[in-house]
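These are my notebook entries on one structure.

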Amino acid sequence: MADSQAIPVPEPRIERFEHMAFGMFIHWGVYSQLGRGEWVMNREQIPADEYAKLQDTFTAADFDGRAIARVAKNAGMKYITLTTRHHDGFSLYDTRGLTDFDAPHSPAGRDLIADYVEGCRAEGIVPFFYHTTLDWRWQSHTCDDATFNDYLDYLYASVEVLCTHYGPIGGLWFDGDWSRRTADWKHDRLYGMIRRLQPEAMIINNTGIGNEGSVSHPDVDSVTFEQSMPKALDRRGHPKYIAGEMCQTMNSHWGIGAGDFSFKSPANVIENLAGCRKVGANYLLNVGPTAEGAIPEYEAATLAVAGRWAQQHAGPVYDGKPTGINCQGRDFVLEVDGKLYWFVHDLRIAGHGQVTVSVGGAGPRVATGLSQPVASVRWMDNGEDLQFAQNADAGITTVDFTGYPYGTNLVVRVAEIETV
Ligand code: GLC
């Protein structure tokens, strides 16, 4: 009998995915020309033939896969998930005759997914493909069984194109299954094809808001947390090790919302990345390119700042594994090859009260469950040694954390702990 407490060993593609840690989500399509989000067709009830005219003005003049991959790389992101087709049914790839509603039949006149994949590979970024399952042109959420079966043939032929013309990809990220009964989708057929054509690709299928972290099919390799901080997954006794990933908007829209000012700051991004890694999950942060396909300046700049933090703490950020150690507040401890990393939140800049104002503060903090004898504790950023004390009987470790040196504020500061 299988051990009901055993945690399964991750398959290599799933383990590789977890080490990628931080990815860029991109929502971009003909809707980006309107600047009112990717749901604009549905929200404003634009008839399909009228909506289709957006294809005639879609130039993709600023879309450059390599430039986008550079922004991701600069942000410390290891992968990108791009909407190859969204719910409006428009494909950024050459569907090779499956439909004319694709980029080669627009003024762009080219296969934008080929450009994307080449750009990613040139920069060492792993390309993932988002693909919708819900298609408003087919009314796939309401159509009768016969039409739906035709639609499934079309959808799966579309995915087959993606699996066969762009070399090995990181994974497929599906979205829209929540629009119909699960059994309707014939997942065995879709996932079987992917495993055959792209054996190393991750299979991800968004379970949507309200259903975060649920496993929809045994072939799924990572569960989704849409717009909410991921929870630790209890993998004991499960037949397969499954990863987790939070996807999140940079403001309040996926596709560009020109009137949306609610942007996250670099500090928010750093805290959210840390919050994902706390439970071993990936962070897939979205950007919404302009009508012509450029990443908006504010979004690129925010990513660049957050990326400096990620790269300064690369070891624990990409390779850190959750531990059973408990800290106060939002603090947590990750482990890499026997070394521990304490992520410290809400510190304060050390120094003069008249020039530095912030909440939280320096001073002793406590962890329980850190059973290994500690040899040293020091800040990763400047190597400063920190005082610590251990009470083995009570299972308590206390570290006296100092504040940020004046001139710095790392938002989340990381201490490296050597154990004996
Ligand atoms: C939702 C939306 C969709 C978006 C996705 C990203 O499912 O329908 O527009 O692509 O979330 O997670």
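**Entry 1: the ligand**

The model is predicted, so local features need pLDDT of at least 70 and side-chain atom pairs pLDDT 80 or more, while totals for chains, interfaces and linings use all residues. Residues are numbered from 1 along each chain as its sequence is written, and side-chain values use heavy atoms, without hydrogens and water.

I then found a polar side-chain atom of His27 at 2.5 Å from a ligand oxygen, and one of Trp39 at 2.9 Å from a ligand oxygen. The protein buries 95% of the 310 Å² that the ligand exposes when taken alone (Shrake-Rupley method, 1.4 Å probe).

I noted 14 residues around the ligand, with His86 and Glu226 also among the closest (a heavy atom within 4 Å).

**Entry 2: helix α4**

I looked up which residues of α4 (residues 65-74) are buried, and they are Gly65, Ile68, Ala69 and Ala72 (under 20% relative accessible area, 1.4 Å probe, protein chains only). They lie on the same side of α4, because their arc around the axis is only 100 degrees (taken from the directions from the helix axis to the C-beta atoms). Their cover includes β1 (22-26), β2 (79-85) and α5 (112-123) (contact: heavy atoms within 4.5 Å). Helices (H or I, at least four residues) and strands (E, at least two) are DSSP runs, numbered from the N terminus.

At the start of α4, I found a side-chain oxygen of Asp64 within 3.0 Å of the backbone nitrogen of Arg66. Just after α4, Gly76 has a positive phi of about 75 degrees.

Note on methods
A polar contact is a pair of N or O atoms within 3.5 Å; within protein, one must be able to donate a hydrogen and the other to accept it, and residues adjacent in sequence count only if both atoms are side-chain atoms. Buried means under 20% relative accessible area, exposed over 50%, partly exposed in between (1.4 Å probe, protein chains only).
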